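Me: I have a structure to look through and would like to go over it piece by piece. Can we start with how far to trust it?

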Amino acid sequence: MPVVEWLHALEQTRISEVVRESAFPYIEGTHVLGLSLSVGMIAWVDLRLVGATMRTRPVSEVYESVQGWMLAGFCLMFVTGALLFVAHATKAYESVFFRAKVAFLLLAGINALIFHWTVNHRTTSWNDAPVPPTAARVAGLTSLVLWLSVIAAGRLFAYDL
Amino acid sequence: MVWSALQPVVNWLGGSALGVWLGQSPTRIAILFVVHLAGLTLLLGGTIVMSLGLAGVGFRSGSSAQLAREIGPWRMAGLALAIISGFLIFTGGALTYFEGQWFRRKMTLLLIAVIFNFSWFRIVTNAPDGRFGPWARRLTAGASLLLWFGVGVSGRAIAFF
């Protein structure tokens, strides 16, 4: 079955109908305010990696302090985002901003994985450094730029609904 | 009474060259909304971190006053971004926004949140350790979260209700 037909079928489901016709403001509101827990938490880790804040705290302390809230935040974003997608699946699929948002999300995920696999296991040597080494700073800055792009594309996508 | 006293200012703002120029273009408003969301993320994310510090959750090294010094400037930058972009968004549709119940609720809550932030919240956050008991600190953190997220929730409600 082609994607568009599959998305049409998705929009015929009960859950799609409920979100579209009544729950949308609440789910969308949760999605927007969930920014504070997801991007709003990862931003502190990124800023610490860049060396822009909390320089006297170990990187591990900043990460561990926000980790749980951040993961809860990203779960919340994924669930509410999926529900919003189901409500307007075809329009989302056709929107250039939605496609850009998904692309930026994937890039942010890849950036986090690369950082985790290559740089992060050496954290112990610069955990206390006020300004981390260049590779870590690049990873932090890349993350900040990508998440800001996700927010921008997500907000602009709302105009295609 | 207070609101009707502001009506002439709102009329002037909406009819000003800036108000007309902003109101003409959905693109300008869309860009301002992106800035507004970026500011919201920084402001609410910073509020969460400072509240966690006050409640003694995470950020173990250093006092809540130190954490406030590290986070504060970023959080205030977020507030400034949100207020400046918000003011411009309002200017682009002043008369319509001004009539809205949720807009008025949001502005009332924002005023309370700002006053609370620069009085009691600042006193408790900057107090030396031991000056306030754990429950006073937790309640202050909770009140701060409630107020700032209340501003966010009523902001989202402007779009829908």
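Me: What is the mean pLDDT of chain A as a whole?
Reply: The mean for chain A is 95, and 98% of its residues reach 70 or more.

Me: And what does chain B average?
Reply: Chain B averages a pLDDT of 96, with 100% of the residues scoring at least 70.

Me: Why care about low values at all?
Reply: Where pLDDT is low, the predicted coordinates should not be read in detail.

Me: What ipTM and pTM does the predictor give the complex?
Reply: The ipTM is 0.94 and the pTM is 0.95.

Me: OK, on to the fold. How many helices and strands does chain A have?
Reply: Chain A has eight helices and zero strands. Along the sequence the pattern reads α-α-α-α-α-α-α-α.

Me: How many in chain B?
Reply: Chain B has seven helices and zero strands. Its pattern along the sequence is α-α-α-α-α-α-α.

Me: What do the chains span along their principal axes?
Reply: The C-alpha trace of chain A spans about 55 × 30 × 25 Å. For chain B the C-alpha trace spans about 55 × 35 × 25 Å.

Me: How many of the residues are buried, as a percentage?
Reply: In chain A, buried residues make up 46% of the 161 residues. In chain B, 47% of the 161 residues count as buried.

Me: Pick one residue in chain B. Where does B:Leu79 lie?
Reply: B:Leu79 lies in helix H4 (residues 64-91) of chain B.

Me: Is B:Leu79 buried or exposed?
Reply: Its relative accessibility is 9%, so B:Leu79 counts as buried; the cut-off for buried is under 20%.

Me: Which residues is B:Leu79 in contact with, leaving aside its neighbours within four places in sequence?
Reply: B:Leu79 is in contact with B:Leu43 and B:Trp148.

Me: Now helix packing. What describes a packed pair?
Reply: Two packed helices are described by the angle between their axes and the distance between the axes.

Me: Within chain B, how do H6(B) and H7(B) cross?
Reply: H6(B) covers residues 101-126 and H7(B) covers residues 134-160; their axes come within 9 Å and cross at roughly 160°. The two helices are therefore roughly antiparallel to each other, since an angle over 145 degrees counts as such. The crossing is left-handed.

Me: What classes of residue make that contact of H6(B) with H7(B)?
Reply: There are 17 nonpolar, six polar and two charged residues in it.

Me: Let's look across the chains. How does H8(A) cross H3(B)?
Reply: The axes of H8(A) (residues 134-157) and H3(B) (residues 26-55) come within 9 Å and cross at roughly 135°. That makes H8(A) oblique to H3(B). The crossing of H8(A) and H3(B) is right-handed.

Me: Which residues make the contact?
Reply: H8(A) uses A:Leu148, A:Ile151, A:Ala152, A:Arg155 and A:Leu156, while H3(B) uses B:Ala30, B:Phe33, B:Val34, B:Leu37, B:Ala38 and B:Thr41. By class, nine are nonpolar, one is polar and one is charged.

Me: And H2(A) with H7(B), at what angle do they cross?
Reply: The axes of H2(A) (residues 14-33) and H7(B) come within 10 Å and cross at roughly 135°. That makes H2(A) oblique to H7(B). The crossing of H2(A) and H7(B) is right-handed.

Me: Which residues meet there?
Reply: From H2(A), A:Phe24, A:Pro25, A:Glu28, A:Gly29, A:Val32 and A:Leu33 meet B:Phe149, B:Gly152, B:Val153, B:Arg156 and B:Phe160 of H7(B). They divide into seven nonpolar, two polar and two charged.

Definitions and conventions
Residues are numbered from 1 along each chain as its sequence is written. Chains are lettered from A and ligands numbered from 1 in the order in which they are written. This is a predicted model: local features need pLDDT of at least 70, side-chain atom pairs count only at pLDDT 80 or more; totals for chains, interfaces and linings use all residues. Side-chain values use heavy atoms; hydrogens and water are left out. Axes are lines fitted to C-alpha atoms, for helices over the stretch in contact, and angles run from 0 to 180 degrees between N-to-C directions. Helices (H or I, at least four residues) and strands (E, at least two) are DSSP runs, numbered from the N terminus. Angles under 35 degrees count as roughly parallel, over 145 as roughly antiparallel, 65 to 115 as roughly perpendicular and the rest as oblique. A crossing is left-handed if the near helix is turned anticlockwise from the far one by less than a right angle, and right-handed if clockwise. Ala, Val, Leu, Ile, Met, Phe, Trp, Tyr, Cys and Pro count as nonpolar, Asp, Glu, Lys and Arg as charged, and the others, Gly among them, as polar. pLDDT is the predictor's confidence in each residue, from 0 to 100. Buried means under 20% relative accessible area, exposed over 50%, partly exposed in between (1.4 Å probe, protein chains only). Contact means heavy atoms within 4.5 Å.
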